[in-house]
Amino acid sequence: MGNEQNFDAIIIGAGVIGNAVAFELSKQGLKTLNIDRNHVSGYGSTSASCAIIRVHYSTFDGCALAYESYHFWKDWMAYLEASEHDNLATFIECGCMIYQTEQNNYLDKVIKRAEELNIPHELWDPKKIKEKLRIVDTNKYGPVKSTSDKSFGSKTGDDLRGSVFFPTAGYINDPQLSAQNLQMAASKKGAKFLFKSSVKEIIQEKGRVSGVVLENGEKINAKIVVNVAGPHSMKVNQMAGVENDMNIKTKALKVEVCHVPSPSGFNYEKEGFVISDSDIGCYSRPEIGNNVLIGSEDPECDERLFVDPDIWDESFSEQWRAQVLRQAQRYPDLPIPSNSKGVVALYDVSDDWIPIYDKSSLPGFYMAVGSSGNQYKNAPMAGKIMAELIVKCEDGHDHDKDPIKLQLNYIDREIDLGFYSRNRIINEESSMSVLG
Ligand SMILES: Cc1cc2nc3c(=O)[nH]c(=O)nc-3n(C[C@H](O)[C@H](O)[C@H](O)COP(=O)(O)OP(=O)(O)OC[C@H]3O[C@@H](n4cnc5c(N)ncnc54)[C@H](O)[C@@H]3O)c2cc1C
């Protein structure tokens, strides 16, 4: 690529969200360029993602957006305008079960929202849970403890009250491929992609953004620049000089995900489903190779390790074993391997674990950041939100004063994009965890 290229919009990052932004902006007729320091799309936090598609959140807007987004995964080929000859990521719609616990107020709000939004759901008692998952121990173990606690692993009560099961949920088998699918779809609309290139500077002219400078000194011009840099979002916002204006900020959090073989005699890959279990502080889902994938729901007893996304220890820690031992309370026959297998990665966490989809104090500079370990599922809608915001703001709309509304076509609801503002006050309804 020669010097002084010109585009309408530069998107920093080619993960699942960055590529969805490219797809939607290209549909609006903008000439876009995604720039990524990796060699292919989706190689950042997208490739580490558990890619769980669920429809329950702590907030009403969170639920509405997730349920709308579910429909795009369900209709992935049509959304991408692809054909069955294309190698597409697959949505494994195995459903998602959430245990009713004291910590989540027995899911009172989640059930109310599901009713309000007409999201299909079932209430399961412990007997039904055991019928569906014969390896399970439904005794109470919470509140979640550190594994060094003397009473760790001792039950604290008989059966949990029950659970809520959402059939319209599951996971994507290959999140990196889904980002590449979006690249293909965007490319067909004219979008361009530049890999192995790092943005080191964001330039301005006449009080607005005017492009970027790459590490090799190359300058690329655009009057719109979008920060979709995942765990590097904070660094990119600092480059643009917009961070001080933001009430909600982002930072990188180290997380570990465990892959452990299924209890023997049980086909977890076929019979398992996505589970959120605040009684043991873990979420889980089936994983290829008849494994159980175990992530953490960030219980209060665990220390949070925020890091510099350019300098951090990428090895597993004691946290891996803690998550497996916690899960073993629920599956007493869960093997506990001596070798840690799974994923070590970074979440791009916002102060209230809700993303920021917004403009900034620098005209022309936008951001889709703070995905907080829970926005993979919303990537298609994040693309639409950003395209709507960018087109309207560039047309002179003051989104800070008069937040833009967006129609959710599948579920026939309108949402107020002010919910995702960088200048919101911390949303107290949030779980302040990966659950969003
Ligand atoms: C372990 C883990 C589990 C998760 N599980 C789930 C889940 O089950 N469900 C769910 O909904 N969400 C989940 N998430 C969250 C979800 O994966 C992310 O929200 C999503 O992938 C973010 O996509 P993105 O495009 O914003 O960022 P990324 O995929 O991180 O892409 C950002 C890109 O920007 C590039 N970049 C950064 N800085 C620069 C620069 N200066 N110059 C050039 N390129 C740059 C990086 O190379 C990277 O490729 C999980 C995340 C993790 C880490």
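Reader: What makes H1 roughly parallel to H7?

Author: In this predicted model, helix H1 (residues 16-27) and helix H7 (residues 175-188) pack at an angle of about 20 degrees. Their axes are 8 Å apart. Angles under 35 degrees count as roughly parallel. Therefore H1 is roughly parallel to H7.

Reader: What is the hand of the H1 and H7 crossing, left or right?

Author: The crossing of H1 and H7 is left-handed.

Reader: How do you know which residues of H1 and H7 meet?

Author: Contact requires C-beta atoms, placed from the backbone, within 7 Å. From H1 come Val 16, Asn 19, Ala 20, Ala 22, Phe 23 and Ser 26. From H7 come Pro 175, Ser 178, Ala 179, Leu 182, Gln 183, Ala 185 and Ala 186. By class, this contact has nine nonpolar, four polar and no charged residues.

Reader: Which residues come nearest to the ligand?

Author: There are 40 residues around the ligand. Gly 13, Gly 15, Gly 44, Gly 230 and Ser 371 come nearest. To be included, a residue needs its C-beta atom, placed from the backbone, within 6 Å.

Reader: What are the classes of residues in the shell around the ligand?

Author: The shell divides into 22 nonpolar, 15 polar and three charged residues. Gly counts as polar here.

Reader: Which helices and strands each supply at least two residues of that shell?

Author: H1, helix H2 (45-48), strand E15 (250-261) and strand E20 (342-350) do. E20 gives the largest share, four residues.

Reader: Which domains does the shell draw at least three residues from?

Author: The shell draws at least three residues from each of domain 1 and domain 2. The domain assignment gives domain 1 as 5-84 + 174-248 + 352-420. Domain 2 is 92-169 + 251-350.

Reader: How many residues of domain 1 and domain 2 are in contact, and how far apart are the C-alpha centres?

Author: The C-alpha centres of the two domains lie 29 Å apart. Still, 31 residues of domain 1 are in contact with 25 residues of domain 2.

Reader: What supplies the side of domain 1 that touches domain 2?

Author: H2, strand E3 (52-53), helix H3 (60-74) and helix H8 (233-240) each supply at least two residues. H3 gives the most, with five residues.

Reader: What are the classes of residues on that side of domain 1?

Author: That side has 19 nonpolar, nine polar and three charged residues.

Note on methods. Residues are numbered from 1 along each chain as its sequence is written. This is a predicted model: local features need pLDDT of at least 70, side-chain atom pairs count only at pLDDT 80 or more; totals for chains, interfaces and linings use all residues. Axes are lines fitted to C-alpha atoms, for helices over the stretch in contact, and angles run from 0 to 180 degrees between N-to-C directions. Angles under 35 degrees count as roughly parallel, over 145 as roughly antiparallel, 65 to 115 as roughly perpendicular and the rest as oblique. A crossing is left-handed if the near helix is turned anticlockwise from the far one by less than a right angle, and right-handed if clockwise. Two residues are in contact if their C-beta atoms, placed from the backbone, lie within 7 Å. Domain bounds come from an automatic or database domain assignment.
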